[in-house]
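This report describes the fold of a single protein.

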Amino acid sequence: MLHHNPPPAPAPASAPAHTPPPTPCLPAASASPTATHAPPPKPSVASITAHILRTEGPRGLYRGLGVTLLTHSPSSALLWSSYDLAKSRLAANSLLPSPTDSPKAHVAACFAAAAAAGAATA
């Protein structure tokens, strides 16, 4: 005995009565090597600078500088003010080489001051 599937149920009344037409297909890409399109070249620093000078003048080169200075000022102030303090503390604890004006002393004090400034402003 054969069993037949029941016919499909009719579409609900809220469903659209028609289906949208298919979107058109794009033409197939050519396989020839001359059909490849290279992206446009990236602008150089000189061309961007020339564009800014043409459109905004010399003042345009400094746009955003005020915010940058305000952002970095606290960290820079702490770095420079804590450099001498770090150098004297490291020398007092005999953690620096004998002459405190040696390159090693400057590097060690700079690292300590930068760590302190970074921790204070992070």
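## Buried face of helix 2

In this predicted model, the buried residues of helix 2 include Ser82, Tyr83, Ala86, Lys87 and Leu90. Helix 3, which spans residues 103-121, is among the elements that cover the buried residues of helix 2.

Tryptophan 80 also belongs to helix 2. Is this residue, tryptophan 80, buried or exposed? Tryptophan 80 is exposed, because its relative accessible area is 64% and the threshold for exposure is over 50%. The C-alpha atoms of tryptophan 80 and cysteine 110 lie 8.9 Å apart in space, while the two residues are separated by 30 positions in sequence.

## Geometry of helix 2

## Packing of helix 2 against helix 3

Two packed helices are described by the angle between their axes and by the distance between those axes. For helix 2 and helix 3, the axes come within 7 Å and cross at roughly 135°. Helix 2 is therefore oblique to helix 3. The crossing of these two helices is right-handed.

On the side of helix 2, the contact is made by Pro74, Ser75, Leu78, Leu79, Ser82, Tyr83, Ala86, Lys87 and Leu90. Helix 3 contributes His106, Ala108, Ala109, Cys110, Ala112, Ala113, Ala114, Ala117, Ala120 and Thr121. Among the contact residues of helix 2, Ser82, Tyr83, Ala86, Lys87 and Leu90 are buried.

## Helix 1 and its end

Helix 1 runs from residue 45 to residue 56 and has twelve residues. Its C-alpha span, from first to last, is 16 Å, close to the 16 Å expected at 1.5 Å a residue. Just after helix 1, glycine 57 adopts a positive phi of about 80°.

## Overall architecture

The protein has three helices and zero strands, and its elements follow the order α-α-α from the N terminus on. Of the 122 residues in the protein, 11% are buried.

Contacts between residues at least 6 apart in sequence were also examined. Of these contacts, 41% join residues at least 24 apart.

Key
Residues numbered from 1 in each chain as written. Predicted model: local features only at pLDDT ≥ 70, side-chain atom pairs only at ≥ 80, totals over all residues. Heavy atoms only, no water. Buried < 20%, exposed > 50% of the residue type's maximum accessible area, 1.4 Å probe, protein only. Helix = DSSP H or I, 4+ residues; strand = E, 2+ residues; numbered from the N terminus. Contact = heavy atoms within 4.5 Å. Axes fitted to C-alpha atoms, helices over the stretch in contact; angles between N-to-C directions. Parallel < 35°, antiparallel > 145°, perpendicular 65-115°, else oblique. Left-handed = near helix turned anticlockwise from the far one by under 90°. Expected span 1.5 Å × (residues − 1).
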